[in-house]
Amino acid sequence: MPYELHYWPGLQGRGEFIRLALEDAAVPYRDVARAPSDQGGGPDALVERLQTGAPHPSFAPPFLVVDGQEVLGQTANVLLFLGQRHGLAPSDDVGRLWVNQLQLTIADLVAEAHDTHHPVDLDAYYADQKPEAARRAAAFRTARIPKFLGYFERVLENSAWLAGSACTYADLSLFQAVVGLRYAFPAAMARCEAKTPRVTALTARVAARPRVAAYLASERRVPFNETGIFRRYPELDG
Ligand SMILES: N[C@@H](CCC(=O)N[C@@H](CS)C(=O)NCC(=O)O)C(=O)O
């Protein structure tokens, strides 16, 4: 199999943005850390590859191994590569960079969503930074979610998809960000989406894409949970 995706098992995390692109493009891949260890999988295989990814080692998962050799890291970078190869990005430079720009903006949103439950120390538990998390989440809910979704709403003013008439990996990623935010912040998202109908409609259109729908209904789609980026801590919503 030409593609091996490396991402922590048991959660969607940032690996999900890459899975959605691979699934939508019907590209076969091996999800290494989810495979049995007696078949060369498991988290140990991920860690080993992380440490031996020369000459282009990745700092952190997700990363993609191509043809058993080349290691590509950083979610947006992996998607730039896959989008170009598998029909999920425009073919011209300006269009490709625009989609990359959108993806990097989604990456910023994802990082901020993560920081609501880990605002101080990435290596400490949420339970050890609850007051700071409450303050960070309040600002994220009231200012940052509306600003990010409002931005994508504006981008969608003149086209059905973010980058024009065709769905790209950035649309798949926006879908993932929206459903993740709905999981983590249901009350705040209900308020916010009332003002961003185009974003809501795009999310529904992505979910209805046949291969995405089949993936979402499959066992490969791990449910959101409190080890991922989008976590439901009711005290952080409102
Ligand atoms: N900017 C990177 C972030 C990668 C990242 O933070 N990965 C997390 C899991 S979602 C991780 O394992 N981080 C380990 C660390 O930062 O030490 C990307 O978008 O891929």
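**Ligand surroundings and helix packing in a predicted model**

An oxygen atom of the ligand lies 3.3 Å from an N or O atom in the side chain of Arg 14, where a polar contact is a pair of N or O atoms within 3.5 Å and, within protein, one atom must be able to donate a hydrogen and the other to accept it, residues adjacent in sequence counting only if both atoms are side-chain atoms. The structure is a predicted model, in which local features need pLDDT of at least 70 and side-chain atom pairs count only at pLDDT 80 or more, while totals for chains, interfaces and linings use all residues. Residues are numbered from 1 along each chain as its sequence is written, and side-chain values use heavy atoms, with hydrogens and water left out. The average pLDDT (the predictor's confidence in each residue, from 0 to 100) is 97 for the protein, and 100% of the residues score at least 70.

Around the ligand are found Tyr 7, Trp 8, Arg 14, Phe 59, Ala 60, Pro 61, Pro 62, Gln 74 and Thr 75, a residue being near a molecule if one of its heavy atoms lies within 4 Å of it. A polar side-chain atom of Trp 8 is 2.8 Å from an oxygen atom of the ligand, and a polar backbone atom of Pro 61 is 2.7 Å from a nitrogen atom of the ligand. Pro 61 is joined to Pro 62 by a cis peptide bond with an omega of about 5 degrees, and Pro 62 is placed in the loop between helix 2 (43-51) and strand 3 (63-66); helices (H or I, at least four residues) and strands (E, at least two) are DSSP runs, numbered from the N terminus.

The axes of helix 1 (residues 15-24) and helix 3 (residues 75-85) come within 9 Å and cross at roughly 10 degrees, axes being lines fitted to C-alpha atoms, for helices over the stretch in contact, with angles running from 0 to 180 degrees between N-to-C directions. Phe 17, Ile 18, Ala 21 and Leu 22 of helix 1 meet Thr 75, Val 78, Leu 79 and Leu 82 of helix 3, contact meaning heavy atoms within 4.5 Å. Thr 75 is also among the residues that surround the ligand.

Helix 6 and helix 7 (residues 186-193) pack with their axes 6 Å apart, at an angle of about 130 degrees. On the side of helix 6, Val 178, Leu 181, Arg 182, Tyr 183 and Ala 184 meet Pro 186, Met 189 and Glu 193 in helix 7.
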